[in-house]
Amino acid sequence: MDAKEMRNSEILLETGTNELELLEFDICGNLYGINIAKVREIMRKAELVPIPHAAPEIEGVFMPRDRLITVIDLHKVMKKEIPEDERGLFIICEFNGMDIGFHVSKVHGIQRISWTDIEKPPQIAQTYEQSIATGIAKIGEKIILILDFERIVSDLNKNATLDYTGAEDLHADGDLSEKHLVVAEDSQFLNKLIVNSLNEVGFTNIRSFPDGKEAWDYISKFIDEEGDVTEKISAVITDIEMPQMDGHHLTKLIKTDEKLSKIPVFLFSSLINEQMYKKGLTVGADAQFSKPQIGQLMEKLVEMLGN
């Protein structure tokens with residue numbers, strides 16, 4: 001079943017409304033969610049070819065329609081036992097240029113909610129399950145954990161984290177430490193990697209935030225300050241998928257304000273595809289980069305801010 005077929009054309013999201021469509025699925029009776037924008041299709045469980053010496057969570061590979069798909073068993077990731085009568089489904093996504101299938105017990109359907117309805121996980125996470133959740137959604141009486149799928153993939157494949165191609169020989173004429181960057185990224189794992197990567201090329205004046213709302217609360221304080229706002233904030237780098245406020249809505253707020261609109265906004269997300277790229281243009285993004293292409297992002301930052 002193609003993901004597009006699951007969507008009713010009447011509920012397609014307008015860009016910048018701070019809403020998302022959450023695909024609700026089940027692992028051994030526990031509810032989880034993934035942004036439908038990440039989902040390519042949903043397939044019935046298929047026979048897999050095991051990969052020698054792979055991590056136990058990597059169930060194997062199969063090749064429907066000449067596409068090699070690696071399957072990660074979310075039961076094992078979440079430390080659950082697969083029931084004997086479990087039929088199973090594969091949620092097929094693309095991460096870092098790889099086709100990945102996530103083996104789940106059931107798929108329940110799509111929930112349309114606002115990012116403001118998604119809370120950040122507790123800071124003190126007692127379990128691995130909580131530590132890899134980027135958000136918690138309450139829909140009626142249901143509690144749905146939104147998992148950090150990028151971290152799950154990168155934990156199992158260290159080569160799938162970030163691609164630094166293009167950043168090896170970066171050189172700026174000016175002092176990058178004087179440039180003030182704002183980073184919005186809800187994955188603690190990626191947030192730290194992005195900040196550390198920017199530090200290595202000379203950007204040391206960085207304020208990072210775990211969601212778009214906290215970033216906006218900080219950025220909007222500069223609206224009433226005198227002078228050129230780009231001397232206070234040189235650029236904003238934001239993920240798209242975040243609790244409280246997504247990156248498209250954050251970009252729209254910045255670009256529709258007469259003063260803040262001068263700040264360059266770069267979208268850096270695993271969701272960048274043809275459709276999402278068009279949405280980014282609609283809200284005024286200055287450039288868009290698909291994870292893991294941080295080398296290209298750093299190259300653009302140095303080009304724009306390094307002279």
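This report describes charged pairs, aromatic rings and nonpolar cores in a predicted model.

## Basis of the description

Because the model is predicted, local features need pLDDT of at least 70 and side-chain atom pairs count only at pLDDT 80 or more, while totals for chains, interfaces and linings use all residues. Residues are numbered from 1 along each chain as its sequence is written, and side-chain values use heavy atoms, with hydrogens and water left out.

## Salt bridges

Side chains of opposite charge can pair when their charged atoms come close. A search of the whole structure finds 19 salt bridges, each being a side-chain nitrogen of Lys or Arg within 4 Å of a carboxyl oxygen of Asp or Glu. One of them joins lysine 38 and glutamate 241, with 2.6 Å from N to O. Lysine 38 lies in the loop between strand 2 (30–35) and strand 3 (39–44), and glutamate 241 in the loop between strand 14 (235–238) and helix 7 (247–255), so the pair ties together parts that are 203 residues apart in sequence. Helices (H or I, at least four residues) and strands (E, at least two) are DSSP runs, numbered from the N terminus. Lysine 38 and glutamate 241 are both buried, a word that stands for under 20% relative accessible area, with exposed meaning over 50% and partly exposed in between (1.4 Å probe, protein chains only).

Arginine 67 and aspartate 99 also meet through their side chains in a salt bridge, at 3.7 Å from N to O. This pair links distant parts of the chain, 32 residues apart, with arginine 67 in the loop between strand 4 (58–62) and strand 5 (69–73) and aspartate 99 in strand 7 (residues 98–104). Arginine 67 is buried at a relative accessible area of 19%, and aspartate 99 counts as buried at 16%. A network of salt bridges links Arg40, Glu41, Arg65, Arg67, Glu94 and Asp99.

## Aromatic rings

The structure holds seven aromatic pairs, in which rings of Phe, Tyr and Trp (its six-membered ring) have centres within 6.5 Å, and planes under 30 degrees apart count as stacked, over 60 as edge-to-face and the rest as tilted. Phenylalanine 25 and phenylalanine 149 form a tilted pair, 6.4 Å centre to centre with 55° between the planes. Phenylalanine 25 lies in strand 1 (residues 19–27) and phenylalanine 149 in helix 4 (residues 149–156), so the pair ties together parts that are 124 residues apart in sequence.

Phenylalanine 149 also pairs with phenylalanine 102 in an edge-to-face arrangement, at 4.9 Å centre to centre and 70° between the planes. Here phenylalanine 102 belongs to strand 7 and phenylalanine 149 to helix 4, 47 residues apart, and both residues are buried. Ring pairs join Phe25, Tyr32, Phe102 and Phe149 into a cluster.

## Nonpolar cores

A nonpolar core is a set of buried Ala, Val, Leu, Ile, Met, Phe, Trp, Tyr and Cys residues joined through side-chain atoms within 4.5 Å. The largest such core has 26 residues, of which Phe25, Val39, Leu74, Phe102, Leu147 and Phe149 touch the most other members. Among the elements that each supply at least two residues of this core are strand 1, strand 7, strand 11 (142–147) and helix 4, while the largest share, four residues, comes from strand 6. A second, separate core of 22 residues includes Leu176, Val183, Phe289 and Leu297.
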